[in-house]
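Here are a few notes to go with your first look at this one.

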Amino acid sequence: MILLTGATGYIGSHTWLALDAAAMPVVGIDDFSNSSPEVLRRLAALGADVSRFAQVDVTDRAALAEVFERWPIEAVVHFAAKKAVGESVARPLLYYANNVGGTIALAETMRAHGCRRIVFSSTATVYGQPRSLPVREDAALEPSSPYASTKLMSENILRDVERSDPAWRIALLRYFNPVGAHPSGTIGEDPRGTPNNLMPFVAQVAVGKRARLQVFGSDYETADGSGVRDYLHVQDLAEGHVAALKHLLGGGDSLTLNLGTGQGVSVLELVRAFERASGRPVPYEIAPRRPGDVAAYYADPALAERLLGWKARLGLDAMCADSWRWQAANPDGYAGS
Ligand code: WQD
């Protein structure tokens with residue numbers, strides 16, 4: 001069975017569905033600190049087997065041990081982490097305790113139960129301000145926030161564990177910008193409070209929850225002056241995890257991979273695409289640059305394609321259409337149900 005930590009979160013829930021579709025049985029754990037039990041009902045309504053779930057804090061070693069004693073876990077996908085860059089600057093100890101502490105507690109429990117296959121949810125912001133584009137996996141690692149540092153530390157911990165015991169196989173997946181939702185419109189991204197990220201904010205403007213978008217800077221060295229990112233459909237991202245698990249369970253070597261489309265999209269391009277997809281206006285105003293933002297970054301996705309045969313299939317229009325379907329059907333996210 002495949003253990004998903006953070007299983008009812010945004011990426012976790014979409015990966016649960018993808019694993020179920022691939023006939024890979026899932027055990028889910030989550031502490032619901034940034035997700036809702038309603039997600040389990042939505043996954044079940046989509047036909048997923050949610051019979052194996054436990055509410056667990058990933059830093060709780062005793063609770064983790066119970067999960068491994070209760071179900072035969074052959075591999076783990078570790079999503080559970082706090083991921084708000086701004087919050088990590090204000091509360092670094094919370095991020096180190098939860099994100100790094102959680103990885104240590106999980107790896108110790110895995111080792112104690114003879115489970116040595118892990119896919120780790122990492123982030124492209126371990127590269128900080130990339131010196132060249134597109135970003136390859138051998139780019140300089142210069143995390144620019146405590147959040148990014150916790151992810152790089154977790155990567156290093158897992159790499160050191162493998163060095164200490166070559167029986168381990170680890171896949172470190174560095175996500176660029178996950179967006180979108182399952183095409184059913186019944187699961188999706190449900191940020192608490194004011195969204196930090198662009199796509200959920202745009203969706204909330206389109207659905208009328210927010211008056212307008214603030215575009216953080218229009219004087220970047222990019223085609224239209226607004227920030228450029230590599231947006232990746234969460235369905236493609238979920239498939240990337242299935243491919244990584246099959247690789248590790250099939251005896252494949254450890255991997256460090258960028259998961260992105262390789263295409264850069266600007267803020268203004270995404271706004272226009274969302275207006276087309278939703279048929280709604282997305283009013284915006286130009287605001288000052290957001291501290292810490294870079295002008296542009298997007299992935300070189302060649303290694304993931306070469307080693308896993310994985311390539312993003314869905315484009316910006318699908319990302320916006322699926323995001324809109326979720327937002328329009330769930331204006332208050334899961335809270336509304
Ligand atoms: C995208 C673009 C903004 C909001 C972050 C984290 C990263 C990862 C993904 C966890 C930028 C602009 C945004 C808004 C705007 N998270 N923007 N108005 O900053 O690339 O990456 O999320 O792993 O760790 O750093 O994503 O969606 O915040 O911003 O103009 O209200 O949209 O300036 O150019 P980012 P984002």
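1. How much space lies in the largest cavity? The answer is about 60 Å³. Keep in mind that this is a predicted model, and that the count of cavities of 30 Å³ or more comes to two.

2. To find the largest cavity, look for the residues that line it: Gly180, Glu189, Met199, Pro200, Ala203, Ser323, Trp326 and Gln327.

3. Met199, Pro200, Ala203 and Trp326 are all on the lining list, and so is Glu189.

4. Now for the second largest cavity, which has a volume of about 30 Å³. Around it you'll find His78, Ala80, Ala81, Asn99, Thr103, Phe120, Thr150, Lys151 and Ser154.

5. Which helix gives the most to the lining of the second largest cavity? That would be α6, with three residues. Both α5 (92-112) and α6 (146-164) supply at least two residues each to this lining.

6. By class, the lining of the second largest cavity has five polar residues, three nonpolar ones and one charged one. While you're there, have a look at Lys151 and Phe120, both of which are among the residues lining this cavity.

Technical notes. Residues are numbered from 1 along each chain as its sequence is written. This is a predicted model: local features need pLDDT of at least 70, side-chain atom pairs count only at pLDDT 80 or more; totals for chains, interfaces and linings use all residues. Side-chain values use heavy atoms; hydrogens and water are left out. On a 1 Å grid over the protein atoms alone, a cavity is a set of points where a 1.4 Å probe fits but cannot get out, and a pocket is an open set with protein on both sides within 12 Å along at least five of seven lines; lining residues have an atom within 4 Å of a point. Grid points are joined across faces, edges and corners, and a volume is the space filled by probe spheres set on the points. Helices (H or I, at least four residues) and strands (E, at least two) are DSSP runs, numbered from the N terminus. Ala, Val, Leu, Ile, Met, Phe, Trp, Tyr, Cys and Pro count as nonpolar, Asp, Glu, Lys and Arg as charged, and the others, Gly among them, as polar.
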